[in-house]
Amino acid sequence: MRRASSRLLSVLTKPHPHTRNLPKLLSPKPLPSNPSPISNLFPKTHPPIPFPRCRSRFLQTLSEDASPPPLSSRQRKLKEKSDLEEAFESATTTDDILASFEALESALDESDKRLGLACLKVGQHLDSIGSEDHENILGFGLRALKILDKDGESSISVAMALHLVGSASYNLKRFNDSLGFLNRANRILGKLERDGSSEFDIRPVSHAVQILLANTKTAMGRREEALLNLRRCLELKESILEPDSRELGVAYRDLAEAYAAVLNFKEALPLCLKALEIHGAQLGQNSVEVAHDRRLLGVIYTGLEEHERALEQNDLSQKILKNWGMGSDLLNAELDAANIQIALGKYDEAINTLKGVIQQTDKESETRALVFVSMAKALCNQEKFADAKRCLEISCGILEEKELVSPDYVAEAYVEISTLYETMNEFGTAISLLKRSLAMIERIPQEQHMEGNVSAKIGWLLLLTGKVEQAVPYMESAAERLKESFGPKHFGVGYIYNNLGAAYMEMERPQTAAQMFALAKDIMEVSLGPHHTDTIETCQSLANAYSAMGSYALALEFQQQTVDAWANHGLSAKDELREATRLLEQIKKKAFESMSNAVSQEALPLSHGSDAVPSKLEQH
């Protein structure tokens, strides 16, 4: 196989302009680890579970009488139920809640809504304390839902039961089930909000549902959709919290970090600046929250390639963290700073920064492994490859011991290390590390987006090293995963389709290649713009594929588009324009030759036919 010449062959592995040397903070920030307990979100506004009382007016009157007459059997049962309900409502500890529930359960019919509400309370309590028995929580939730939902009415209690079942399903990694329950809860809450029919403030419940929807969609790889739910979470908090509250500032920062995680730094920037404004005004410029805001700003500015600004924000963050004695956060900020210095080409400064961080880390810590990765990155840029390889070997040695404990963390680190081996043309080692990473990621359902990235990198490296047929399945899988994670028009999907086109051209299947290039071109025109250099090169590849097929009319159309696009770049693209013009003339020549041959072939039967007629006449 000829070496792939187009720099578009780098798929997602070709660093996008916003992906180089990003500090480690960019690993997607998990939403609250236990997103279910509604009562933990807004304690002051959380609606209590509407638990109906069964005490009769007659019994209330009797309770005021010092010497009540003997109770009838029916009255005794009512009083017993009332006492059991009171005991259950007043229970606060897990043991008391479970014991009082068991007593109440025996006194109520299975269809009694009071039993449904009791099941809901028990399930929510177990979820709120972080119980690991998710099947038990699911059982309480489903039982509550069956009782409360039997009339098919839209009520706050049904929405809360659906949320509880969705939370348990999420924790059991049954994401499709979780999504179904949560979507229905969302519809019910929307109806209650529109109708204004709820006597409770439903916003805290809506917030809990939205944040769990975001968690679930993120786990399923549907990260772009999750951002819409996170946006809704912020809107709800804006309507509930004071405009200058610390919690609202955190909400802005969380959403900014979610956008940064999908490389949408332009959307992330104003959100993070708003968080900084709120925290600075409310808590002061030397608060821990301001430090976290500034650190994220450093990440965002790095993604926007405004490295000097990034370094400035990082330095301000470090000063605050140092004042507060937050050693772990400070180490991560220093590691961020080194990566920004590498992006600025300040390799010696970065190495000195990293040497200082190494002195503060434990020998077997994950942070130490990442420090050696960054050290190798700086050394690679200085072309000190032997030293870089030694750093990577140390890092891999540490990470191997962490594979079972932190598989997602190690998998991500292996991807970064593979990129450095790729830089040093150690393609076999790079592919081996990526396959190890993929094997770990495939066992983590919520890492589907990363699975797509890693498959894409493996496919590209196999294509680059001539193993074309092995490359295609990895790239096809990557395209599907990334479409699910980031949407069908994400630039990464476009790069993968472009690489698939290159692979099919190598396999001498130009028709299939043209289909892939056409898909890539459509995506890149939307995500990158029609005049982006990668979009233009994809258009060139499409023209080449149609030319190889002999479809010269289409080849000329796309080649002319390529010429026009390079012409718009002016003098900066004069070489590219010259080459595109040469290829245009070449296709015109092939098209003319093809037409001439076609005319000749059509003329041949006519000439043969004219010879045949006289020969027959001559026989007569």
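Predicted model: local features only at pLDDT ≥ 70, side-chain atom pairs only at ≥ 80, totals over all residues.
Residues are numbered from 1 along each chain as its sequence is written, and side-chain values use heavy atoms, with hydrogens and water left out.

Start by selecting residues 113–128, helix H4, together with residues 156–171, helix H6; their axes come within 10 Å and cross at roughly 40° (axes are lines fitted to C-alpha atoms, for helices over the stretch in contact, and angles run from 0 to 180 degrees between N-to-C directions; helices are DSSP runs of H or I with at least four residues, numbered from the N terminus). H4 and H6 are therefore oblique to each other (under 35 degrees counts as roughly parallel, over 145 as roughly antiparallel, 65 to 115 as roughly perpendicular and the rest as oblique). Show the side chains next: Leu 117, Leu 120, Gly 123, Gln 124 and Asp 127 of H4 meet Ser 157, Met 160, Ala 161, Leu 164, Ser 167 and Asn 171 of H6, where contact means heavy atoms within 4.5 Å.

On the H6 side the contact is made by Ile 156, Met 160, His 163, Gly 166, Ser 167 and Tyr 170, and on the H8 side by Val 205, Ala 208, Val 209, Leu 212, Asn 215, Thr 216 and Ala 219.

Now move to residues 327–343, helix H14, and residues 347–358, helix H15, which pack at an angle of about 165° with their axes 8 Å apart.

Finally, select residues 223–240, helix H9, which has 18 residues and reaches 26 Å from its first C-alpha to its last, close to the 26 Å expected at 1.5 Å a residue (the expected span is 1.5 Å times one less than the number of residues). Its buried residues (under 20% relative accessible area, with exposed over 50% and partly exposed in between, for a 1.4 Å probe and protein chains only) include Arg 223, Asn 229, Cys 233 and Lys 237. To see what covers the buried residues of H9, display H8, H10 (246–261), H11 (265–283), H20 (448–464) and H21 (468–486), which are among the covering elements.

Note on methods. Helix = DSSP H or I, 4+ residues; strand = E, 2+ residues; numbered from the N terminus.
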